[in-house]
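Thanks for coming. I will walk through one structure today, starting with the terms and then going through the parts in turn.

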Amino acid sequence: MAGTVITFGTFDVFHVGHLRVIERAAALGDRLVVGVSADALNFRKKGRVPVFSEAERLAIVAALKPVDEVFVEESLELKREYIQKFGADVLVMGDDWAGRFDEFSDICEVVYLPRTPAISTTALIEKISGTA
């Protein structure tokens, strides 16, 4: 499939699961655009600020070979606008969101990719901090 693929995430404490989803998303098109959650958005979603700042997370994701463009995702409610702004043909999300973004199938293909087993940023943070 050719075209632009868009995906979103916080990408905090970057790990192999993040890399795999980016690689798999990139394989679905010829251009990959990644929305990185703003610090404020992450706080609203998860009740904590990311370990790495918004600027650091943007820099890490932008440096990845499969990524063509990054931007700050300010709000979950703006996904339709982001899809349209970047001319995305495919929206890729983790399968933990399965069905939640089907409403965008009127403007692009929606694909839910399986998460990498036994890897999660929250679990890593808990392990590092000794709260796990």
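A residue is called buried if its relative accessible area is under 20%, exposed if it is over 50%, and partly exposed in between, using a 1.4 Å probe and protein chains only. This is a predicted model, in which local features need pLDDT of at least 70 and side-chain atom pairs count only at pLDDT 80 or more, while totals for chains, interfaces and linings use all residues. Residues are numbered from 1 along each chain as its sequence is written, and side-chain values use heavy atoms, with hydrogens and water left out.

First, the overview. The protein chain has 132 residues, and 43% of them count as buried. There are five helices and five strands; these are DSSP runs, helices being H or I with at least four residues and strands E with at least two, numbered from the N terminus. From the N terminus on, the order is β-α-β-α-α-β-α-β-β-α.

Now the sheet. In what order do the five strands lie in the open sheet? The order is β3-β2-β1-β4-β5, and the pairing is parallel. Two strands pair if DSSP finds at least two bridges between them. At the edges are β3, residues 69–73, and β5, each of which pairs on one side only. From one strand to the next the twist averages 25°, taken between axes that are lines fitted to C-alpha atoms, with angles running from 0 to 180 degrees between N-to-C directions.

Look next at strand β4, residues 90–94. Five of its five residues are buried, so the strand is largely enclosed by the rest of the structure. In a regular strand the side chains alternate between the two faces of the sheet. Here Val 90, Val 92 and Gly 94 point one way, and Leu 91 and Met 93 point the other way. Strand β1, residues 4–9, runs parallel to β4 and is joined to it by three bridges; Val 5 has Val 90 as its bridge partner there. Five bridges join β4 to β5, residues 109–113, and these two strands also run parallel.

On to helix α1, residues 16–26. Which of its residues are buried? They are Gly 17, His 18, Val 21, Ile 22, Ala 25 and Ala 26. Seen down the helix axis, the buried residues of α1 fall within an arc of 170°, so they line one face of the helix. That arc is taken from the directions from the helix axis to the C-beta atoms.

Phe 11 needs a second look. It lies in the loop between β1 and α1, and at 5% relative accessibility it counts as buried. Phe 11 has a positive phi of about 55°, although it is not a glycine. Val 13 is found in the loop between β1 and α1 too, with a phi near 45° and a relative accessible area of 14%, so it is buried.

Last, the aromatic rings. Rings of Phe, Tyr and Trp (its six-membered ring) pair if their centres lie within 6.5 Å; planes under 30 degrees apart count as stacked, over 60 as edge-to-face and the rest as tilted. The count comes to seven aromatic pairs. Phe 71 and Phe 86 are stacked, 4.5 Å centre to centre with 25° between the planes. Phe 71 lies in β3 and Phe 86 in the loop between α4 (79–85) and β4, so the pair ties together parts that are 15 residues apart in sequence. Both Phe 71 and Phe 86 are buried. Trp 97 and Phe 101 form a tilted pair, at 5.6 Å and 50°. Is Trp 97 buried, exposed or partly exposed? With a relative accessible area of 23%, Trp 97 is partly exposed, whereas Phe 101, at 9%, is buried.
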